[in-house]
Amino acid sequence: MAALLWLIAGVILVAAEVISGELVLLMLGAAAIGTAGVAALGAPLWLDAVIFAALSGGLVVLARPALKRRLERGHELRTNVNALIGARATVESTVDATDGRVRIGGDVWSARAFDETQVLERGRTVTVMEISGAVAVVWAEP
């Protein structure tokens, strides 16, 4: 009976991981499923608890960080205006060192040229170099 309870707890924890996404519940669920195997072999309850503690501690402390690093490798999460840096934009009205407008995606932004000597005409494709307040600083290759 104890093995069945450990198995049910493990499946519930693994299923709950879908909501959290932090891999902690997955590690606890795996530990519970491992403990279910030990309990199925007839281990006493105190040994089940020790096995669960050891497995869950080891998985959370050792396996989880390595797994998270592997899953997140090469995926820098850029949000808000940082996600616009490097994006392509189209000049809507002439952009110079002080003023202009560009379309980034579906939005029109105030803009100024990154290179103060550039004057960018309407229709030109440019790259967003940075966002300074509400102004896109753009650059076009010569």
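A salt bridge is a side-chain nitrogen of Lys or Arg within 4 Å of a carboxyl oxygen of Asp or Glu. The model used here is predicted, so that local features need pLDDT of at least 70 and side-chain atom pairs count only at pLDDT 80 or more, while totals for chains, interfaces and linings use all residues. Residues are numbered from 1 along each chain as its sequence is written, and side-chain values use heavy atoms, with hydrogens and water left out.

**Exercise 1.** Find the partner of Arg64 in a salt bridge, and say where both residues lie.

*Solution.* A search of the whole structure gives 3 salt bridges. In one of them, the side chain of Arg64 meets that of Glu22 at 3.5 Å, N to O. Arg64 belongs to helix α3 and Glu22 to the loop between α1 and α2, so the pair, 42 residues apart, links distant parts of the chain; helices here are DSSP runs (H or I, at least four residues), numbered from the N terminus.

**Exercise 2.** Describe how helices α2 and α3 meet.

*Solution.* The axes of α2 (residues 24-40) and α3 (residues 45-72) come within 8 Å and cross at roughly 145°, where axes are lines fitted to C-alpha atoms over the stretch in contact, and angles run from 0 to 180 degrees between N-to-C directions.

Conventions. Helices (H or I, at least four residues) and strands (E, at least two) are DSSP runs, numbered from the N terminus.
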